[in-house]
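Please keep the sequence and the model in view while reading.

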Amino acid sequence: MLKGIANAFRIKELRNKILLTLGILLLYRLGAHLPVPGIPVAGMLAAYKSASANANFISVLDLFSGGALSRVSLFSLGIMPYITAEIIMQMMQTVVPSLAELVKEGESGQRKITQYNRYITIVLAFISAIGYLFLYKSPAFGISFANTGAPELLMDAVVVVTMVTGAIMIMWLGEVITQRGIGNGMSLIIFTNIMSGFPTAIQSTIRSGNMGLLYAAGTLLIIAIVVPFIVYIERGQRRIPIQYAKRVIGRRIMGGQSTYLPIKVNTAGVVPIIFASTILYFPAQIAVFFPGVAWISGFANAISTGWVNWILSVMFIVFFAYFYTSMVFNPDDTADNLRKQGGFIPGVRPGSATAAYIKSTLDHITLPGAIFMALIAVVPSIVFTFTSNALIRTFGGTSILIMVGVGLDTISQLEAQLKMHNYEGFFK
């Protein structure tokens, strides 16, 4: 690993990409600590702790914002508006034929989809910012602009515009990382948000009582044991053998070689976890508009935590695993490409039979991978309910899955860049 990192910094182009990525993530964390103008910072953390104790959905939203929400900072909205917009666009591609055609147009079509995604993100950010303003001015937080000397309506507008601007900046920073840095920008921002709460969670667990240190050590040990299993599933493949027919072109004999078609056990990666979390926390985002309505807050709490959350998490993770896999892997196109190249699966007829065989294989290996992810995501939440261990809540199954998935994806990109320059990579 250390040798791979040293090799990465020997290549100027790759070194610049790594430094750019790290610089943007550092800039993002700085923005998460910049308070929104006009917000009385003093007493906000105490008000947040009091409010989150009575409304679990508030602490859940704060977790995915990297603590920016509790500080009422520039980046309070976090990555949620963009992720929600992405889910909407993914769903629309399955029901709107014109959007499905854009996907097939390649880079030009992807640019249009990205532009639509940006517009939806801005609209969702604007709606979320207004909701958070209602939440901050509710009795739970009790923010007042009476001491600012400016009209209250003007200060409301400043708060909303600042948070929407922050959401746009997050979207831009993520896209810059994706285009010019290393890894997927939005995934790395989520990774950073999760990691930012790790030191505080350890301190809180250690100070929780006489058994605090033992709880922290036990939790870290369990995490260290679980991570290799997650890596094993993430990199697991089902290899379908492919044989290419011999072709005589002039005096040359082409083809005849054997290879394989790799199908990952977890083709969708961390997308099902992120999408499922976003859907389940959407009621919490709606609840901020109605801080005084008990049944809405109760519904948001039930969806965000507890047995309802556990059941829905499993269902959504399995659903999005199949949904996203069908989006990125088309058995019909794969079978058609094999036929055009003279390839075939031994014992399976080319064409529709090959497509059906690939689809059946894909369905069979997706289910155990999805169930494994769902269990890893849900079990720590169940354990937290009975132990109240802050470290489990912050660094639980969903967080571990996202972090390991994002880490493996980023290292794989570094690996590919190193091999392009004839350097030894990270994986042996």
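How much accessible surface does the protein chain have, and what percentage belongs to carbon and sulfur atoms? The accessible surface comes to about 21,700 Å², and 66% of it belongs to carbon and sulfur atoms; accessible areas come from the Shrake-Rupley method with a 1.4 Å probe, and for residues only the protein chains shown count as cover. This is a predicted model, in which local features need pLDDT of at least 70 and side-chain atom pairs count only at pLDDT 80 or more, while totals for chains, interfaces and linings use all residues. Residues are numbered from 1 along each chain as its sequence is written, and side-chain values use heavy atoms, with hydrogens and water left out.

**Overall make-up**
- The protein chain has 18 helices and five strands; helices (H or I, at least four residues) and strands (E, at least two) are DSSP runs, numbered from the N terminus.
- Of its 428 residues, 46% count as buried, where buried means under 20% relative accessible area, exposed over 50% and partly exposed in between (1.4 Å probe, protein chains only).
- Among contacts (heavy atoms within 4.5 Å) between residues at least 6 apart in sequence, 73% join residues at least 24 apart.

**The sheet**
- An open, antiparallel sheet is formed by three strands in the order β4-β1-β5; two strands pair if DSSP finds at least two bridges between them.
- β4 (258–264) and β5 (343–344) stand at the edges with a single partner strand each, so one side of each has no neighbour in the sheet.
- Strand β1 (residues 237–244) pairs with β4 over seven bridges, and Gln-237 has Lys-264 in β4 as its bridge partner.
- The pairing of β1 with β5 is antiparallel over two bridges, and Gln-243 stands opposite Phe-344 in β5.

**Aromatic pairs**
- The structure holds seven aromatic pairs; rings of Phe, Tyr and Trp (its six-membered ring) pair if their centres lie within 6.5 Å, and planes under 30 degrees apart count as stacked, over 60 as edge-to-face and the rest as tilted.
- Tyr-28 and Phe-75 are stacked, because their ring centres are 5.2 Å apart and their planes lie at 10°.
- Tyr-28 is in helix α2 (residues 12–31) and Phe-75 in the loop between α4 (56–64) and α5 (80–95), so this pair ties together parts 47 residues apart in sequence.
- Tyr-28 and Phe-75 are both buried.
- Phe-319 and Phe-323 are also stacked, because their ring centres are 5.9 Å apart and their planes lie at 15°.
- These two residues are four apart in helix α14 (residues 307–328), so about one helical turn separates Phe-319 from Phe-323.
- Phe-319 is partly exposed at 41% relative accessible area, whereas Phe-323 is buried at 10%.
- Ring pairs link Phe-319 and Phe-323 with Phe-275, Phe-316, Phe-320 and Tyr-324 into a cluster.

**A nonpolar surface patch**
- Leu-367, Ile-371, Leu-375, Val-379 and Val-383 form a nonpolar patch on the surface, with about 380 Å² of accessible area together.
- Patches are made of residues with over 30% relative accessible area and no salt bridge, with like charges joined within 9 Å and nonpolar side chains (Val, Leu, Ile, Met, Phe, Trp, Tyr) within 5 Å; a salt bridge is a side-chain nitrogen of Lys or Arg within 4 Å of a carboxyl oxygen of Asp or Glu.
- Ile-371 lies in helix α16 (residues 352–387) and counts as partly exposed, because its relative accessibility is 38%.
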